[in-house]
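Here are my notes on the model you sent. They are set out point by point, for reading beside the coordinates.

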Number of protein chains: 2
Amino acid sequence: MTATVCINGSVPATIRDVARASGVHVSTVSRTFSAPHLVNPDTRSRVLSTAESLGYRPNRAARALITGRTHNIGLIVADIANPFFPPLIKAAESQARQRDYHLFVADTNEDPVMEEQLVQALAKQVDGVLLCSPRMSNDLIEKLRREVPLVVVNRAVDGLPAVVMDVANGAKAAIEHLVGLGHTRLALLGGPRGSWTNREIRRSTTAAAKAAGADLTVLGPHHPTEAAGAAACDAVLATGATAVLAYNDLMAIGLLEALHDRGVSVPAELSVVGIDDISLSRLIRPKLTTVSTPTAAAGRAAVDMLLQHDDERRTTATVTLQTELIVRDSTGPNPH
Amino acid sequence: MTATVCINGSVPATIRDVARASGVHVSTVSRTFSAPHLVNPDTRSRVLSTAESLGYRPNRAARALITGRTHNIGLIVADIANPFFPPLIKAAESQARQRDYHLFVADTNEDPVMEEQLVQALAKQVDGVLLCSPRMSNDLIEKLRREVPLVVVNRAVDGLPAVVMDVANGAKAAIEHLVGLGHTRLALLGGPRGSWTNREIRRSTTAAAKAAGADLTVLGPHHPTEAAGAAACDAVLATGATAVLAYNDLMAIGLLEALHDRGVSVPAELSVVGIDDISLSRLIRPKLTTVSTPTAAAGRAAVDMLLQHDDERRTTATVTLQTELIVRDSTGPNPH
DNA sequence: TCGGGGACTGCAAAGGGTTGCAGCGACACC
DNA sequence: GGTGTCGCTGCAACCCTTTGCAGTCCCCGA
């Protein structure tokens with residue numbers, strides 16, 4: 001086999017080198033790092049300083065082999081480049097590192113089949129996986145949780161720890177906002193098939209519209225992209241609705257673009273509401289009215305749940321994070 | 001020690017279990033996976049099927065321990081949530097996985113000190129690190145490359161494989177575009193201290209302005225953020241310039257926002273050019289004229305370089321990716 | 001018939017740590 | 001002085017896989 005030599009020709013120092021150089025047994029060196037209180041302060045500082053001078057760092061793979069804990073976490077998202085995810089990834093990474101964990105990030109390209117492959121591939125290499133907005137079936141999730149501890153984000157699964165955003169409540173607030181502006185014919189621009197969030201939104205929106213005595217046309221399923229939002233423009237207009245709630249900001253923004261191209265003015269002729277409050281939403285014109293979802297908090301919470309339920313016995317709690325309607329410039333009174 | 005038990009109480013299958021169940025030696029099982037041509041097809045298929053039924057997957061940590069290759073890559077960026085990075089991360093991850101590598105992603109929060117810590121922490125756990133837009137000193141890079149193979153992106157370092165974008169040429173094109181529109185008083189909204197890209201842009205912009213006989217005021221250093229772009233608005237106006245080139249799109253967009261608030265119309269009174277062509281740039285109004293940088297290609301190229309120079313002897317080549325000026329609506333003729 | 005070689009397979013060491021157990025000296029207490 | 005305890009350290013097995021080496025078996029050519 002090929003030894004991993006550094007560029008200057010020296011081999012990275014192992015625990016044995018440190019032991020030899022400081023005149024103690026390897027187990028003492030090991031304890032110096034993993035259970036410092038068990039070793040004599042003098043010995044400890046001697047070991048520490050020779051370790052320092054040798055540039056020694058414990059090999060995590062070797063440690064993982066015996067302890068069974070890799071100190072790695074996997075994070076699986078549908079699309080890294082979808083602006084919804086980066087804040088979540090960033091928060092999760094930061095939280096993980098603070099607890100001395102490293103984060104694998106993987107992208108399924110919106111493909112549910114890929115989700116399974118990724119979990120399988122990561123399973124032996126991580127202490128747990130964060131599944132963000134998974135589209136796979138419940139059965140499959142059941143199967144996978146047997147291979148590796150799982151925390152799901154943006155989905156509720158029986159008996160599995162989960163972090164969800166209260167989009168139902170957010171969607172309800174959005175509908176009430178629109179009804180309050182006098183709109184009576186509404187449309188919902190649906191998201192992708194298999195999305196728990198999408199089901200929540202549809203359910204809540206339907207109920208809220210009904211309660212308010214408003215008409216609601218549900219469109220979809222659609223890809224959760226700007227392009228799909230733009231492509232759905234004619235379908236939206238055909239419903240005769242004066243206000244639309246979109247599955248996410250990206251679709252809302254695509255819709256806004258297409259409306260602009262067709263000369264339909266927002267919010268004068270049509271009100272548009274998004275969901276997520278991605279940073280883009282306050283930069284476009286008109287500024288988008290949207291339901292803000294606490295993505296960074298979700299990332300942190302998911303890491304916390306994984307690490308905590310990893311320590312003690314498994315918890316199956318679901319933490320629900322609140323959402324908030326942010327009214328900006330894309331909604332206005334019913335023109336009729 | 002605590003065995004890692006799965007949720008159903010079973011312990012994950014090891015190579016030994018497979019060997020026992022299929023009546024061969026562990027080495028044969030090992031070879032079945034890592035050198036299939038060395039084992040009899042019958043044996044191989046028998047091993048494969050029992051492995052399948054036992055749900056066996058090779059333990060990468062154990063494999064890493066003996067081969068010295070982890071099949072992991074580290075990717076260090078300044079800010080995951082900065083829209084410049086996600087396309088790069090996505091492309092790198094995809095390219096890595098295609099070659100059976102997994103990607104650690106880490107965020108320095110724009111802090112150069114953190115860069116070193118991260119490389120150190122990742123060093124023993126990866127086969128190489130991709131350093132994106134590093135701000136650390138050359139000396140430090142020299143030191144770190146001794147611990148782990150490095151590829152730098154958006155920076156040229158002597159003797160180190162690098163992927164850079166030809167921003168110099170892009171900035172030159174931007175200046176020529178502005179001069180062609182009749183602008184003679186220009187401003188450069190500079191980026192962060194320590195950024196190689198920033199130096200390149202300044203150098204090239206200065207030269208291009210001089211060559212064209214135009215005035216150039218250089219502002220900065222600034223954080224590469226929208227907020228910093230907005231904050232610099234007054235300073236930009238104070239220069240008396242009729243056209244500005246910003247270090248990146250984010251700053252340009254922040255500037256656009258601030259200009260809008262002050263009632264300065266773009267491009268009628270002031271032309272603005274960004275760099276990067278993040279997806280946001282074509283969604284804001286006016287659509288931003290910008291220099292597009294091939295970030296996804298950079299991510300792929302960086303992974304390729306790391307993996308290739310990892311195979312054979314170390315290459316120190318620098319690959320330079322072309323940039324392109326995208327003219328949209330934020331630039332127009334000199335009003336004077 | 002025998003030697004040589006090829007195709008498989010088994011054996012065992014190695015890789016870098018962790019950890020239960022036992023040893024040992026120092027000290028306190030009776 | 002004997003005994004028990006405590007603090008520290010060493011010993012050695014173990015984690016899971018890879019891989020150089022050696023052995024076995026079979027086939028082929030001489």
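1. Start with a strand pair in chain B. Leu188(B) has Leu245(B) in β8(B) as its bridge partner. Strand β6 (residues 185–189) of chain B and strand β8 (residues 243–246) of chain B run parallel, joined by four bridges. Two strands count as paired if DSSP finds at least two bridges between them. Helices (H or I, at least four residues) and strands (E, at least two) are DSSP runs, numbered from the N terminus.

2. A word on the source. This is a predicted model, in which local features need pLDDT of at least 70 and side-chain atom pairs count only at pLDDT 80 or more, while totals for chains, interfaces and linings use all residues. Residues are numbered from 1 along each chain as its sequence is written, and chains are lettered from A and ligands numbered from 1 in the order in which they are written.

3. The chain B sheet is open. Its six strands follow the order β7-β6-β8-β9-β10-β12, with mixed pairing. β7 (215–219) and β12 (324–326) of chain B stand at the edges with a single partner strand each, so one side of each has no neighbour in the sheet. The twist from one strand to the next averages 20 degrees.

4. Further along that sheet, β9(B) and β10(B) pair in the parallel sense over four bridges. Gly274(B) has Thr290(B) in β10(B) as its bridge partner. β10(B) and β12(B) run antiparallel, joined by three bridges. There, Ser292(B) stands opposite Glu324(B) in β12(B).

5. What lies across the sheet in chain A? Helix α12 (residues 249–261) of chain A lies across β6, β8, β9 (271–276) and β10 (289–292) of chain A, at about 150 degrees to β9(A). Axes are lines fitted to C-alpha atoms, for helices over the stretch in contact, and angles run from 0 to 180 degrees between N-to-C directions. The chain A sheet is also open and mixed, with six strands in the order β7-β6-β8-β9-β10-β12. Its edge strands are β7 (215–219) and β12 (324–326) of chain A, each pairing on one side only. Within this sheet, β6 (residues 185–189) and β8 (residues 243–246) of chain A pair in the parallel sense over four bridges. Ala187(A) stands opposite Val244(A) in β8(A).

6. How are the two chains related? Chain A can be laid on chain B by a turn of 180 degrees and a shift of 0.1 Å along the axis, with an RMSD of 0.1 Å. That is the relation of a two-fold axis. The superposition is by least squares on the C-alpha atoms of residues with pLDDT of at least 70 in both copies.

7. Now the interface. In all, 46 residues of chain A are in contact with 46 residues of chain B; contact means that the C-beta atoms, placed from the backbone, lie within 7 Å. On chain A, α4 (60–67), α5 (85–98), β2 (102–107) and α6 (112–123) each supply at least two residues of the side that touches chain B. That side divides into 25 nonpolar, ten polar and eleven charged residues. Here Ala, Val, Leu, Ile, Met, Phe, Trp, Tyr, Cys and Pro count as nonpolar, Asp, Glu, Lys and Arg as charged, and the others, Gly among them, as polar. The copies meet through the same surface, because 100% of the interface residues of chain A are also interface residues in chain B.

8. Look next at DNA strand C. Of the 27 residues around it, Ile15(A), Ser27(A), Ser30(A), His25(B) and Ser27(B) come nearest. A residue is near a strand or molecule if its C-beta atom, placed from the backbone, lies within 6 Å of it. The largest share of this surface, six residues, comes from α2(A). By class, the surface near DNA strand C has 14 nonpolar, eleven polar and two charged residues.

9. DNA strand D also has 27 residues around it, of which His25(A), Thr43(A), Ile15(B), Ser27(B) and Ser30(B) come nearest. α2(B) gives the most to the surface near DNA strand D, with six residues. That surface has 13 nonpolar, eleven polar and three charged residues.

10. Last, a helix pair in chain A. The axes of α2(A) and helix α3 (residues 41–54) of chain A come within 10 Å and cross at roughly 90 degrees. The two helices are therefore roughly perpendicular, a label that covers 65 to 115 degrees; under 35 counts as roughly parallel, over 145 as roughly antiparallel and the rest as oblique. Thr28(A), Val29(A) and Thr32(A) in α2(A) meet Thr43(A), Arg44(A), Val47(A) and Leu48(A) in α3(A). This contact divides into three nonpolar, three polar and one charged residue.

Conventions:
Contact = placed C-beta atoms within 7 Å.
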